[in-house]
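Take a moment to look at the picture below before reading on. We'll go through it piece by piece.

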Amino acid sequence: MATLEIRDLHVTVEVENGTKEILKGVDLTVKQGETHAIMGPNGSGKSTLAYSLAGHPKYTITGGTVTLDGEDVLEMSVDERARAGLFLAMQYPVEVPGVSVSNFLRTSATAIRGEAPKLRTWVKEVKEAMERLNIDPSFAERNVNEGFSGGEKKRHEILQLELLKPKIAVLDETDSGLDVDALRVVSEGVNRVRETGEVGTLLITHYTRILRYIKPDHVHVFSGGRIVESGGAELADKLEEEGYEAYTKGGASA
Amino acid sequence: MAEAQNIPVGSTTTGSIAVAAESTVATRMSAPPSFDVADFPVPHGREEEWRFTPLERLRGLHDGTAVANGNGVKVDVQAPEGVTVEAVGRDDARLGKAGTPVDRVAAQAYSAFEKASVVTVPKETVLTEPIRIAVHGEGGTAFGHQVIELGAFAEAVVVIDHTGDAVLAANVDYLLGDGAKLTVVCVQDWDDKAVHVAQHNALVGRDASFKSVVVTFGGDVVRLHPRVRYAGPGGEAELFGLYFTDRGQHQEHRLLVDHNVPHCKSNVVYKGALQGDDAHAVWIGDVLIEAAAEGTDTYEMNRNLVLTDGARVDSVPNLEIETGEIVGAGHASATGRFDDEQLFYLMARGIPEHEARRLVVRGFFAELVQQIGLPDIEERLIAKIEEELEAAVG
C-alpha cells in the first residue's frame, strides 16, 4: 500500500527582504485509500505544503524528509515525482498556449504510464471521463487552460486526476471559486477516484463547504506553518462553528 | 503614426490604426525609393527604418565599404523543363519592374550587382516540381538580383535556400502575370556569422495568387523587407513567416502590403520564437489601403514566444486606411513568454522538461506550418525547429 510520509518538513521562500520560513516542521502520513483534509486560515502555509510536495522551484526545503513508499521524494525532479505517483491539482492552473488539451492529456498519460495509451481505448477513456465531469467535447481542442473559466480549470484538473490515477493526490483549494453546481461536479469526480481505494487524498481547503461532499477520514488544522491539531471528521464541524480564531491566536504565541 | 512601439513580453497590442490623407508609410522613410545608392544618405541608426538594426554588424553594406570579392555566394538553380533561366545585365527591362529599392542597402545591391538571374515560367505552364534555388555562402561579400517571372495563368513553387556564410545584399523580384499562382518558400538557414539584407518585391497580377513563406533560422543579422503591390484587381497575397532567433542573433522582418487597386486580399501571419541572451527579433507590419483600393480585405498578425530571459522583441503592426469602402482590415501583435510556471505545470504531469518545451514550441508553430501546404517543406521546418530546441536545451 502506497504511503506518503512527511517528517519535520521545513520550507523557506525568498521574499523581498530576505528569506522567510513558511513551513516549520510538518509531520503527516497519508496512506492509499485515506482522505486527509488540511484546513487552515489564509497564509498558514497550506499551499506551500502542496507546492513543496510537487517540487515547485520557488520553495527551498531546509529540513525534514518526504518519502513515497520509502523513496526520497525531495531528491526527485518535478516530473519524476509525478511519475512516481504524486499528483497536484493546482489552485491556479497555468495557461499553456499552443498546446491542446487532447495533446496535453495524451502526452501526460504517456509519461505517467510509461507507454502511449492505445489510441482507440484512449479516445473512449477521455470521452467518458469528460462526460462524467460535464465537460464539453470541444474542450479537447482548446489550448490548456487558455480562456477557461474558473470552474473549467478545476474540472480540467480533476479530469487529469481521473486519467492519471496517482497514488497520492494533493488537491490545493480545488473548491475555491466554484459555485455549488461546479463544486458538486468536481467533488463527484474526486469521490470516483477515492472509491477505487487506490489513491490517498490530501485535500487542502480554507472552507468546510467541500467536506459536505467529500468526507475526510482525518482532519488537520494548519496554522503558523505546521499541523496544530488533528482529529476525525468531527473536527471539521468544530471549525465550521468556531472558525480558526483559536488556532491563529495559539499560533502567534507558539 | 511613425511612432513605433516596443511591446514588452507578456503584453498584447492591437497596434495602431490610422485614417490618413496621405501615406506616412512612404513619408517616414528617409529618402524616396531609388535604384541609385547615391540617392540615399548613409544611415546613422536613428532613422525610422534603421532604428532597430545594429548597423555596426552590417559589415559595411549600409555605408559603401562592403565590396563584392568574387567568393560571396554560389547560386545554383534547378528548374523543371519549360522554365527559362538566364543571367542578364542591368539593362534588362524585367529588372526592377516589381519594385524599387526603398533603403540604402537595397539600392546598394541594385547598384553593385554584376549579373541578375531571371527565372521565367511561361504563360499557362503549370509546374509539378518546384524550382529550387540554392544560394550558398562561400565566406565573402556579394550583391545579387533575382527575378522570378510567371506568365499569365502559370503556376509554380519556388524554394530559395540560403546556407553557408556570406555578407549578402540582394533584391528579389516576383512578377505574377494575370491569374498566375506562385508559392515561394525562402529559407534563411545561414551559418552563425552570415549577414543578409534583402528586399523582396512582389507585383501581383490581376486575379493572381502569391504565397510567400519566409523562414529565418540562421545568420548573425538577417533583415528582410518583403513588399507586395497589385497590378490589377482580384489579386491575393498570403505572407507567412517563421523565425527562430537564438542567442545574439538579430532577425528583422519588415513587411509592406500596398493595397493600391480595388478588390484585393492580403493575409499576413508571422510567428517567431526566441531564446538566449540578446536574441533580437523585429517585426514591422505595414499595410496600406490606398484611396482607390475599395473592397480590400486584409489581416496581419505577429506572434512571438520568448523562451528564455534576455531576448527582445520589437513588434510594430501598422495599418493605414485611406478609404472606408473595404471588406475588412485587422491586425494583431502579441508577445508571450514560456515561463517557469508553464514548465512546472507540464512537468507536474510527468512530462520531462525537454519534452515540455518541445510541446509548447511545436504547438506555437503548428498552425502556421500547416498553412504552407507543401508536406516536404513542412516536415523539414518541424525537424529544424526541433533541432533549434535541442541545441538550446542541450
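Which residue in β2(A) is the bridge partner of A:Glu5? That partner is A:Thr29. Before going further, a word on what you're looking at: this is a predicted model, where local features need pLDDT of at least 70 and side-chain atom pairs count only at pLDDT 80 or more, while totals for chains, interfaces and linings use all residues. Residues are numbered from 1 along each chain as its sequence is written, and chains are lettered from A and ligands numbered from 1 in the order in which they are written.

Strand β1 (residues 3–15) and strand β2 (residues 18–31) of chain A run antiparallel and are joined by eleven bridges. A hairpin of two residues links β1(A) to β2(A). Two strands count as paired if DSSP finds at least two bridges between them. Helices (H or I, at least four residues) and strands (E, at least two) are DSSP runs, numbered from the N terminus. In general, strands of a sheet pair through backbone hydrogen bonds, either parallel or antiparallel.

Let's step back to chain A as a whole. Its secondary structure comes to eight helices and twelve strands. The C-alpha trace spans about 60 × 40 × 40 Å along its principal axes. For 254 residues, a compact globule would have a radius of gyration near 18 Å, and chain A agrees, with 18 Å. (That radius is taken over C-alpha atoms, and the globule rule is 2.2 Å times the number of residues to the power 0.38.) Of the 254 residues, 44% count as buried. Buried here means 20 or more other C-beta atoms within 10 Å of a residue's own, exposed means 12 or fewer, and partly exposed is in between, with C-beta atoms placed from the backbone.

Next, find the open sheet of six strands in chain A: its order is β6-β9-β10-β3-β11-β12, with mixed pairing. At the edges stand β6 (86–89) and β12 (226–231) of chain A, each with a single partner strand, so one side of each has no neighbour in the sheet. On average, neighbouring strands of this sheet are turned by 20° against each other, direction ignored. At one end, β11 (residues 218–223) of chain A pairs with β12(A) in the antiparallel sense over five bridges, and A:His220 stands opposite A:Ser230 in β12(A). Helix α5 (residues 150–164) of chain A packs on the sheet, touching β6 and β9 (168–172) of chain A, and its direction makes about 165° with that of β6(A). Axes are lines fitted to C-alpha atoms, for helices over the stretch in contact, and angles run from 0 to 180 degrees between N-to-C directions. Being in contact means that the C-beta atoms of two residues, placed from the backbone, lie within 7 Å.

Finally, hop over to chain B. It is divided into domain 1 (12–337) and domain 2 (339–394), with bounds from an automatic or database domain assignment. The centres of these two domains of chain B, taken over C-alpha atoms, are 26 Å apart. Where they meet, 16 residues of domain 1 of chain B are in contact with 14 residues of domain 2 of chain B. Look also for B:Ile372, in the loop between α4 (353–370) and α5 (375–393) of chain B. B:Ile372 is partly exposed, because 18 other C-beta atoms lie within 10 Å. Leaving aside neighbours within four places in sequence, B:Ile372 is in contact with B:Val213, B:Phe240, B:Ile377 and B:Glu378.
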